[in-house]
Amino acid sequence: HVLTREPQNYFRESETFWRVWVCEPRPGLAKLSPRLGDLYKRSLLVIRTQIDNGGAIIAANDHDVTDRATDHYSYLWPRDGAFVANALDIAGHPELSRKFFEICHRIVDERGYFLQKYNPDGSVGSGWHSFWDAGRELPVVPIQEDETALVIWALWEHFQKCRDIDLVNNLYSDLILRCADFMVVHRDPQTNLPLPSWNLWEDRRGVHTFTCATIVAGLRAAANFARLFEDIPKADIYNEAADELCVAMRIYLYSDEHGRFLRGLQANGDDSMTPDPIVDASLFGIFYFGCFAPDDPVVISTMTAVAEKLANNTEFGGIARFEHDSYMRADAPAAPNSWIITTLWLAEYFIASARSVDDLQKALSLLEWTAERALPSGILAEQIDPLTGEPRSVSPLTWSHSTFITTVDSYLSKLKDLEAG
């Protein structure tokens, strides 16, 4: 058959298929430099290579990391998957995000949360979050709660764009309500803050500002779904819990001493917690997920600290994850590595707070910085060495490419609004 049709025909068919698949990019892309437009399309193609046909969105398929970390990134993290699914919806590929939500429906715990990570077939992946506190002899919920919240948030974003009523009807009881009910009850009744869980970077346990912000977004998304299905009592419960959490964040996670939000409250292994004042790029969640307006003084002061404390003022620039981050750092005395996603999170703040077209220049510069950091193949790594500009950790990181897509969309949407006056 191949000899009859000739291999060149197969090559042409494959090339034509993928050109058609990616040929309807985001409207307005022509307003960006050719390099940014090319990276947008390349990012879509790269993301597609990281998605299992059963719906699992894999964090990365680069094996080199096993030499240092003794494990790979070829897992489905619900957090990464939610962000990537959102990017696919934005870029016009809801057929892929739909499969992601379907596998989430299949793997969600009956108690209403997701575990740390999963294999592509949906079985539980390797992890280090304990189910049991040996010292106190108590069970522990082994989760990063932002993962649960972000799936529900991304599902509502999906519905808003696609009006996929058949999908959400199938997921309403066993995924949406189950997760939302868990987020409501898994709180401290005195503070209304969520009970301790692991943070998004998986290196500490406590009550984290980013996690709280995602829970607010997840609960509001669940309330929207409940209202859609005329389930008004549930909608009221979820909205009330989200409002209570916003108030609690302002009371317990904002530091008057530092004039900004804390990274969180660090769990001490007993019932006590210690304020964690480290500046962390994930604090962008306080405005990104709608907890506080971008022009709120508490947001301005927090994001100013992110921009000032985490900027790598070297030739290769970028924004670190958090102060003193040592993960994958090549030289101990050197500055922390810059991350693609955290640099683009700062760009999201510049976009959200822009009041004129000129204000968008700072965000555009960070988009161009991202394109400069791509490998010649168009691949984006997880991290960038601030002293050499070399990629660190896995390449490609699916999350890096999806964040580029969503930030480009935010930029073009804001540009259109500002140009329209």
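**Aromatic pairs, packing and backbone**

Author: Happy to. Y172 is buried, with a relative accessible area of 8%; buried means under 20%, exposed over 50% and partly exposed in between, with a 1.4 Å probe and protein chains only. This is a predicted model, where local features need pLDDT of at least 70, side-chain atom pairs count only at pLDDT 80 or more, and totals for chains, interfaces and linings use all residues. Residues are numbered from 1 along each chain as its sequence is written, and side-chain values use heavy atoms, leaving out hydrogens and water.

Reader: Thanks! How many aromatic pairs are there?

Author: The count comes to 31. Rings of Phe, Tyr and Trp (its six-membered ring) pair if their centres lie within 6.5 Å; planes under 30 degrees apart are stacked, over 60 edge-to-face, and the rest tilted.

Reader: And what about the rings of Y172 and F229?

Author: Their centres are 4.6 Å apart and the planes are at 40°, so that pair is tilted. Y172 belongs to helix α8 (residues 165-185) and F229 to the loop between α9 (209-228) and α10 (232-253), so the pair links parts of the chain 57 residues apart. Helices here are DSSP runs (H or I, at least four residues), strands are E runs of at least two, and both are numbered from the N terminus.

Reader: Is F229 buried, exposed or partly exposed, and what is its value?

Author: F229 counts as partly exposed, at 27% relative accessibility.

Reader: How are the planes of F210 and W345 arranged?

Author: They are stacked, with 6.4 Å centre to centre and 20° between the planes. F210 sits in helix α9 and W345 in helix α13, 135 residues apart. F210 is buried at 2% relative accessible area, and W345 is buried at 3%.

Reader: Switching to packing, at what angle do α13 and α15 pack?

Author: Helix α13 (residues 340-353) and helix α15 (residues 398-419) pack at about 10°, with axes 9 Å apart. Axes are lines fitted to C-alpha atoms, for helices over the stretch in contact, and angles run from 0 to 180 degrees between N-to-C directions. The two helices are therefore roughly parallel (under 35 degrees; over 145 is roughly antiparallel, 65 to 115 roughly perpendicular, the rest oblique).

Reader: Which residues of α13 and α15 meet?

Author: Among them, I340, L344, W345 and E348 in α13, and W399, F404, Y411 and K414 in α15. Contact means heavy atoms within 4.5 Å.

Reader: Now the backbone: where is the cis peptide bond?

Author: It joins S395 and P396, with omega about -5°. P396 is in the loop between β12 (391-392) and α15. Most residues other than glycine have a negative phi, and most peptide bonds are trans.

Reader: What is the phi of E202, and of H324?

Author: E202 has a positive phi of about 65° although it is not a glycine, and H324 has a positive phi near 65°. E202 lies in the loop between β3 (197-198) and β4 (205-208) and is buried, at 13% relative accessibility. H324 is in the loop between β9 (319-320) and β10 (338-339) and counts as exposed, at 63%.
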